[in-house]
Amino acid sequence: MGEVMEIVYKKIEDIREYENNARRNSKAVLKVAESIKDFGFLNPITLDKNNVVISGHTRLKAARLLKLEEVPCIVKDLSEEEARLARIIDNKSHEYATWDIEKLHKELNNINLNYKTTFFTPNRDRKYFAENKFLIFGKCELPITEDEYNRLKNVYDKYIERNKTYLGFVMYLTGGEE
């Protein structure tokens with residue numbers, strides 16, 4: 001039988017970020033804050049016995065942004081080496097997962113929302129294109145005209161409107177399944 005995890009509430013001021021956290025998470029903080037505001041904490045922050053974050057740096061920053069006083073936590077009694085490895089594994093493991101686009105589209109289409117889900121709406125900042133006039137494709141920079149950009153954006157916007165996500169868009173463009 002597995003270990004029973006006890007969730008405890010800790011004051012944010014008592015929690016310290018791990019100073020060598022290798023994950024750059026600042027761009028995700030606002031989206032995580034929106035999620036916490038809408039749904040509360042879906043996952044507690046994991047701390048070591050000294051209240052240093054093992055996993056949940058982004059959640060902690062989001063909680064600070066929301067000016068929360070306490071957050072749900074799990075305290076693990078790990079060696080320093082185990083804590084380092086746990087931090088890396090926690091941040092790296094999602095890279096091995098993929099989406100079943102058909103199931104994702106089905107789930108998103110069954111959600112009755114009058115706004116797009118923020119986690120599945122990409123950043124459509126045109127500043128990069130306006131300054132550089134090319135798209136990044138792997139390691140290549142592909143030149144693109146304003147007309148080409150607008151045509152692609154139109155297809156892209158229709159895809160997102162229909163599917164509520166950009167995931168699967170390239171497969172759709174290349175004639176694959178959605």
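Reply: The account below begins with the whole chain and then turns to the part in question.

This is a predicted model, in which local features need pLDDT of at least 70 and side-chain atom pairs count only at pLDDT 80 or more, while totals for chains, interfaces and linings use all residues. Residues are numbered from 1 along each chain as its sequence is written, and side-chain values use heavy atoms, with hydrogens and water left out.

The chain has 7 helices and 6 strands (DSSP runs numbered from the N terminus, with helices being H or I of at least four residues and strands E of at least two). Read from the N terminus, the order of elements is β-α-β-β-α-β-α-α-α-β-β-α-α. Of its 178 residues, 29% count as buried (under 20% relative accessible area with a 1.4 Å probe and protein chains only; exposed is over 50%, and partly exposed lies in between). Among contacts (heavy atoms within 4.5 Å) between residues at least 6 apart in sequence, 69% join residues at least 24 apart.

Rings of Phe, Tyr and Trp (its six-membered ring) pair if their centres lie within 6.5 Å, and a pair is stacked with planes under 30 degrees apart, edge-to-face over 60 and tilted otherwise. By this rule there are 3 aromatic pairs. One of them joins Tyr156 to Phe169: the ring centres are 5.0 Å apart and the planes stand at 80°, so this pair is edge-to-face. Tyr156 belongs to helix H6 (residues 146–163) and Phe169 to helix H7 (residues 169–173), so the pair ties together parts that are 13 residues apart in sequence. Tyr156 has a relative accessible area of 17% and is therefore buried. Phe169 is also buried, because its relative accessibility is 9%.

Phe169 takes part in another pair, with Tyr159. Here the centres of the rings lie 5.4 Å apart and the planes make an angle of 65°, so the pair of Tyr159 and Phe169 is edge-to-face. Tyr159 is in helix H6 and Phe169 in helix H7, so this pair ties together parts that are 10 residues apart in sequence. Tyr159 and Phe169 are both buried.

The charged end of Arg162 sits over the ring of Tyr172, 5.4 Å from the ring centre (the rule asks for NZ of Lys or CZ of Arg within 6 Å of the centre and within 35 degrees of the ring normal). Elsewhere in the chain, Arg87 has its charged end over the ring of Tyr18, 3.6 Å from the centre.

Two packed helices are described by the angle between their axes and the distance between the axes. H4 and H6 pack at an angle of about 65°, with axes 9 Å apart (axes are lines fitted to C-alpha atoms, for helices over the stretch in contact, and angles run from 0 to 180 degrees between N-to-C directions). H4 is therefore roughly perpendicular to H6 (65 to 115 degrees; under 35 is roughly parallel, over 145 roughly antiparallel and the rest oblique). From H4, the residues Ile101, His105, Leu108 and Asn109 meet Tyr159, Arg162 and Asn163 of H6. This contact of H4 with H6 is made up of 3 nonpolar, 3 polar and 1 charged residues (Ala, Val, Leu, Ile, Met, Phe, Trp, Tyr, Cys and Pro are nonpolar, Asp, Glu, Lys and Arg charged, and the others, Gly among them, polar).

Helix H4 spans residues 101–109 and includes Lys106. With 57% relative accessibility, Lys106 counts as exposed. The C-alpha atom of Lys106 is 8.4 Å from that of Asn163, although the two residues are 57 residues apart along the chain.

To draw the picture together, H6 supplies Tyr156 to a pair with Phe169 of H7, while Tyr159 of H6 pairs with Phe169 and is also among the residues of H6 that meet H4.
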